[in-house]
Amino acid sequence: MIHRECGVYQTSYRADMAVYKLPLARWGLAGFGVVLFLVLPLAAGEYILSILNLVGIASVGAIGLNLLVGGAGQISLGQGGFMAVGAYTAAIFALRLGLPFWLSIPAAGFMTALVGSVFGIPSLRVKGLYLAIATLAAQFIIEWNLLHSAWITGTGAQGALVLEPPALGWLALDTEVKKYYFVMAFAILATVAARNISRTYLGRAFVAIRDHDVAAEIMGVNIFRYKLLAFAISSFYAGVTGALWAYYTQVVSYEHFTLGTSIDYLAMIIIGGLGSVPGSILGAAFITMLPAGLRELMETVKRLGLPGTLGNFTYTREILFGLIIIGFLIFEPGGLARIWRRAKDYFRLWPFAY
Amino acid sequence: MTFFVELTVNGLMVGALYTLVALGFVLVYKASEVINFAQGEQVMLGGYLALMMLASVRLPLPVAILATMAVMAGLGFVVERGILRPLTGYPVVSVIMATIGLAAVLRGITPMIWSAEVRGFPAILPATPVKILGVPISPVNIASAVLAVVFMAIFGYFFQRTRFGVAIRAVSDDPQAAAAMGIDLRIVLALSWAIAGIVSAMGGVIWGNMLGVDPYLALVGVKVFPVVILGGLDSIMGAVIAGFLVGVLENLAAGYVDPLVGGGAKDVVPFVVLIAVLMVRPYGLFGREIIERV
């Protein structure tokens, strides 16, 4: 069953362009799919499913941000703000127009893509650090609008919107298991789309811009178009993430979409690996599970009555978060994706060293 | 009219502080092209340290301030050596994330050591306001504005007249040429972070005196962004002028726009201006425009 590549045996372009070239990889993927869609939802408890749901939602946002930052090399500190746009758009469409989720979520995506493109316009004239600050401004401006524009929240300043659970026709997706399928469907769609974007003209144009935008322009890549497209696509993902969050928690309030959220998402792609789709998912899982894992650890310490306490949870989380980011940057800048690749390489040649 | 004068004078006072913090920011950017997202947290730490030296260790004020500066300079040095030097040559986003990570660590450690409650500085100056141009201003504000201006003067002298100041400017112009002329890049980088630490310590002392010390002090780091973008990231002169501009703008916005929109204009107007400036003059009022060649 185990196949290793020991040469290039493809006889058609189709086979050569396949994402998963080896039978082992394809079987592995199929097995992963079975675990994801059959084993986990039936075997796992509510708590684990709720964490997996959050991971799924975060994956969508991280993949989108990675397309922009890792793919096109444009820095965005406004992911949280863009997610807010998506969440509020979906909530408003669902509440005031009564749209079902399969209409309101794409609508949220397109709305956010529009907003994201507007804030992406400065990227045409400024880059790098200046752009990071421009997107930071986007974050603050969006946050402020949510707090002060009564027409958005409808209930006056600082109001939260409360949603019905998503419904597929007569079937309300109201339990953790049903929501799991709902979230994972979108996460899979997002993954497949991103995987394919990076293989097409679009993805290659992004990479060209990331590596050197002036050179890319000389090679015939329309920078104006592709930088805005990168912002639009990434914001679309952010919008969908926000909308998923809205449907999942059924409450939309600005508190979930602050600068801290934007930083969390940047941390996900740094820890996962810049420019890598599987890395984004790993990073999303890591950052999402970090608070849960830490809480578990602290409770174990308390339960066993070990000497020494880890102190206040919020502060410990901050410190750990910062240390992990710095640690990854210094010791493994390729992130979890690189670690995963190295592990695979090791086992491919095992038991030989090389 | 009195309202307008009052807002402007208050804005200038706050602007002096923004300028001070922005100076540290611009200094680091000039020397190493790093945007320091932990600047606000460094200011916060400076405030806490100064408070500890004054209230717990009971040092006299000038000694306490000097001690704070020394500790913060040491911290800046360690940060440059330990975190940023290994990241030389990495993409911009990595360096930004490193300073964001540092900010998170400082934000967690500071309230863990000291508590997160607001703590007032022991009163150094009398609380009765003095009238200037018919506007009542507390002596603390005046003292901090004066201190900020003194610091700017020292900075100006440092960059124009001293050996190290000129070395830092040379490195910011062209690191390779500077190294070829015998300037030790490592010393310049470490020194610029140490000076940024000193400036943060000063900022922490002054802010702490005006508002009390609490974790929200770190928010000054966010306020610095509109200032440095407006002035140009690599311009000391720009930071000084833009600091005062943003301070005044903010106060005018709070006075005149807040009643229309229901509060909070103070926090968002500088960022709206920031976006506008980036679209019209991407390199700020005094920043150096970079001409790219392939």
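This report describes the two chains of a predicted model, the contact between them, and some of the packing inside each.

**The two chains**

Chain A contains 15 helices and four strands. Chain B contains eleven helices and two strands. Read from the N terminus, the elements of chain B follow the order α-α-α-α-β-β-α-α-α-α-α-α-α.

For chain A, with 354 residues, a compact globule would have a radius of gyration near 20 Å, and the value of 21 Å agrees with this. The C-alpha atoms of chain A fill a box of roughly 65 × 65 × 50 Å along the principal axes. Buried residues account for 44% of the 354 residues of chain A. Among the contacts in chain A with a separation of 6 or more, 74% join residues 24 or more positions apart.

The C-alpha trace of chain B spans about 55 × 50 × 35 Å along its principal axes. Of its 294 residues, 51% count as buried. Residues 24 or more positions apart make up 75% of the contacts in chain B with a separation of 6 or more.

**Where the chains meet**

The contact between the chains takes 42 residues from chain A and 38 residues from chain B. On the side of chain B, helix H4 (92–113), helix H9 (220–231) and helix H11 (265–280) each supply at least two residues. H4(B) gives the largest share of that side, 16 residues. By class, the side of chain B that touches chain A has 30 nonpolar, five polar and three charged residues.

**Helix pairs in chain B**

Two packed helices are described by the angle between their axes and the distance between the axes.

| Helix pair | Angle between axes | Distance between axes |
|---|---|---|
| H3(B) (residues 61–84) and H8(B) (residues 185–211) | about 140° | 7 Å |
| H2(B) (residues 39–56) and H9(B) | roughly 135° | within 6 Å |
| H9(B) and H10(B) (residues 236–261) | roughly 130° | within 8 Å |

An angle over 145 degrees would count as roughly antiparallel. The angle of H3(B) with H8(B) is about 140°, and these two helices are therefore oblique to each other. H3(B) passes H8(B) in a right-handed crossing. The residues of H3(B) in this contact are Ile65(B), Thr68(B), Met69(B), Met72(B), Ala73(B), Leu75(B), Gly76(B), Phe77(B), Val79(B), Glu80(B) and Arg81(B). From H8(B) come Leu189(B), Ala190(B), Trp193(B), Ala194(B), Ala196(B), Gly197(B), Ile198(B), Ser200(B), Ala201(B) and Val205(B). The residues of this contact divide into 15 nonpolar, four polar and two charged.

H2(B) and H9(B) are oblique to each other, and H2(B) passes H9(B) in a right-handed crossing. Here Gln39(B), Gly40(B), Glu41(B) and Val43(B) of H2(B) meet Val220(B), Gly221(B), Val222(B) and Val224(B) of H9(B). By class, the contact of H2(B) with H9(B) has four nonpolar, three polar and one charged residue.

H9(B) and H10(B) are likewise oblique to each other, and H9(B) passes H10(B) in a right-handed crossing. From H9(B), the residues Pro226(B), Val227(B), Val228(B), Leu230(B) and Gly231(B) take part. They meet Gly238(B), Ala239(B), Ile241(B), Ala242(B), Gly243(B), Leu245(B) and Val246(B) of H10(B). This contact has nine nonpolar residues, three polar and no charged.

**One residue of chain A**

Phe206(A) lies in helix H9 (residues 201–211) of chain A. With 28 other C-beta atoms within 10 Å, Phe206(A) is buried, because a residue counts as buried at 20 or more. Leaving out residues up to four places away in sequence, Phe206(A) touches Gly71(A), Ala72(A), Tyr226(A) and Ala230(A). Phe206(A) and Gln74(A) are 132 residues apart in sequence, and their C-alpha atoms are 9.5 Å apart in space.

How values were computed: Residues are numbered from 1 along each chain as its sequence is written. Chains are lettered from A and ligands numbered from 1 in the order in which they are written. This is a predicted model: local features need pLDDT of at least 70, side-chain atom pairs count only at pLDDT 80 or more; totals for chains, interfaces and linings use all residues. Axes are lines fitted to C-alpha atoms, for helices over the stretch in contact, and angles run from 0 to 180 degrees between N-to-C directions. Angles under 35 degrees count as roughly parallel, over 145 as roughly antiparallel, 65 to 115 as roughly perpendicular and the rest as oblique. A crossing is left-handed if the near helix is turned anticlockwise from the far one by less than a right angle, and right-handed if clockwise. Two residues are in contact if their C-beta atoms, placed from the backbone, lie within 7 Å. Ala, Val, Leu, Ile, Met, Phe, Trp, Tyr, Cys and Pro count as nonpolar, Asp, Glu, Lys and Arg as charged, and the others, Gly among them, as polar. A residue is buried if 20 or more other C-beta atoms lie within 10 Å of its own, exposed if 12 or fewer, and partly exposed in between; C-beta atoms are placed from the backbone. The radius of gyration is taken over C-alpha atoms; the globule rule is 2.2 Å times the number of residues to the power 0.38.
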